[in-house]
Amino acid sequence: FMYQDKEHHVSFYGDFAHLEDVLSDLQEDMKKVIIETAKILGEDLPYNHYYFITHLTPGAFGGLEHLDSTVLQFCPFELAKKKGRKEFLELVAHEYFHLWNVKRIRPVELGPFDYQNENYTRMHWLTEGLTSFIDQLATYRSGIYDSKEYLECIRKNINNYLATPGRGYHSLEDSSYNAWIKLYRADENFKNSSVSYYLKGGLVFFILNILLKEDAKGIDQLVLALWQNYKNRPDVGISKEEFFNILASMLKKESCEEFKLLIEGVEDIDFENYLTRLGTKVEWTQPKVDLGVNLSDENGKIIIKSVRQGSCGFKAGLNAGDEVIAINALRVNLKIMDQIGEMYQENDRIDLLVARTGKLQTISVALGLGLREIKEMLYQFDETYIMDDSKFMQKYPKFQKTPIADGIKKMTDQFKAMQSK
């Protein structure tokens, strides 16, 4: 297809799960996503042509960016589902945005590359964090996700982050620097000792967008400024200091320091505070009894894949690799293990019969509560104000100078009054 008078080629290797033609509609949706992504950069396309090369392989997911192409891999059975199809388009947005952010806008350490050795940077919060925020935002702006689905993405991201004890040990900078030995070699203890810079990075840029909105700006202006900085010096990457100098030109000092702490620190993030400032109401779940283990059924054997630090299972001494055989001398299967929260109460004690490296042993567990999660997030404002700066400013220019922090009720009343005119 053509966009901005430039050829864009879409190719798939492998088979679709559907026998009928699905490529035409899929290509049209891919075009919608890349247009919304490109709009963030002022539709400044730094290539003569672009190629999307997708390998359809069962169980596969991922992508790799290049200057004027991307190679993707995706599961054909997931692509056949409505939800999976949207996740594929989110992946398209992610890798396409990388042609600007990473292949051109990049940390000073990343390029020119030494292909014989590992390359280290403490700035993957910029390379992958910003991209992870943009991919879901662009998928929303293109109409692939509706507002409810977009908020569901954010809700899942936050809950996943809160279920990662390693966030208290590894900052985003540490996670970036240790990528070669942590994220790319993740083991059963990864979530206890580190945090993904994709996950936390995307969330801190979600927060930064809120801080920018409070100064009557948005993420689009920041990305454009980063792009202009690259164009002024295309041969040199950006340093952390230069990034924050650019950010300081559009954001008050206190907010810059607030964002810097999210990059450098390991303190808990008050998501409810930021979501409330954005105008989003948060409803939390009531924690249930939970062992704090991830289980899998391997040929009829219930195997512990990981144990969450701080959970009752962790405190009792359960280990990854343990085979769970029985509770209180009664044989169990995966379904029964998933229903522990319905059968027992906090502080109940159970005896787990497990096999560890071939040896049977009984481990006594005093059951505790699992994690509190966000159950639902609800808008208080018009969704264009929450999600899309450009659309809202065009529609309601007088709101350009109105900080979110002025109060939800006041702005809601003003908005309703404007709608009634």
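Is V223 buried or exposed? V223 is buried, with a relative accessible area of 1%, where buried means under 20%, exposed over 50% and partly exposed in between (1.4 Å probe, protein chains only).

## Basis of the model

This is a predicted model, in which local features need pLDDT of at least 70 and side-chain atom pairs count only at pLDDT 80 or more, while totals for chains, interfaces and linings use all residues. Residues are numbered from 1 along each chain as its sequence is written, and side-chain values use heavy atoms, with hydrogens and water left out.

V223 belongs to helix α9; helices are DSSP runs (H or I, at least four residues) numbered from the N terminus. Neighbours within four places in sequence aside, V223 is in contact (heavy atoms within 4.5 Å) with I40, L41, F97 and L130. Between V223 and I325 there are 102 residues in sequence and 53 Å in space, C-alpha to C-alpha.

## Packing of α4 with α9

Helix α4 (residues 124-141) packs with α9 (residues 219-232) at an angle of about 130°, the axes being 12 Å apart. Axes are lines fitted to C-alpha atoms over the stretch in contact, and angles run from 0 to 180 degrees between N-to-C directions. α4 is therefore oblique to α9, a class that holds the angles left over once those under 35 degrees (roughly parallel), over 145 (roughly antiparallel) and 65 to 115 (roughly perpendicular) are set aside.

L126, L130, F133, I134, L137 and R141 of α4 meet I219, D220, V223 and L226 of α9. By class, this contact has eight nonpolar, no polar and two charged residues. Ala, Val, Leu, Ile, Met, Phe, Trp, Tyr, Cys and Pro count as nonpolar, Asp, Glu, Lys and Arg as charged, and the others, Gly among them, as polar.

## Packing of α4 with α5

The axes of α4 and α5 (residues 147-162) come within 9 Å and cross at roughly 165°, which means that α4 is roughly antiparallel to α5. On the α4 side the contact is made by F133, Q136, L137 and Y140, and on the α5 side by S147, Y150, C153, I154 and N157. Six of these residues are nonpolar, three polar and none charged.

## Nonpolar cores

A nonpolar core is a set of buried Ala, Val, Leu, Ile, Met, Phe, Trp, Tyr and Cys residues joined through side-chain atoms within 4.5 Å. The largest has 87 residues, and F205, L222, F243 and F259 have the most contacts inside it. Helix α8 (residues 197-214) supplies the largest share of this core, 11 residues.

Apart from this core lies another, of 19 residues, among them V324, M337, V354 and I363.

Terms used. Helix = DSSP H or I, 4+ residues; strand = E, 2+ residues; numbered from the N terminus.
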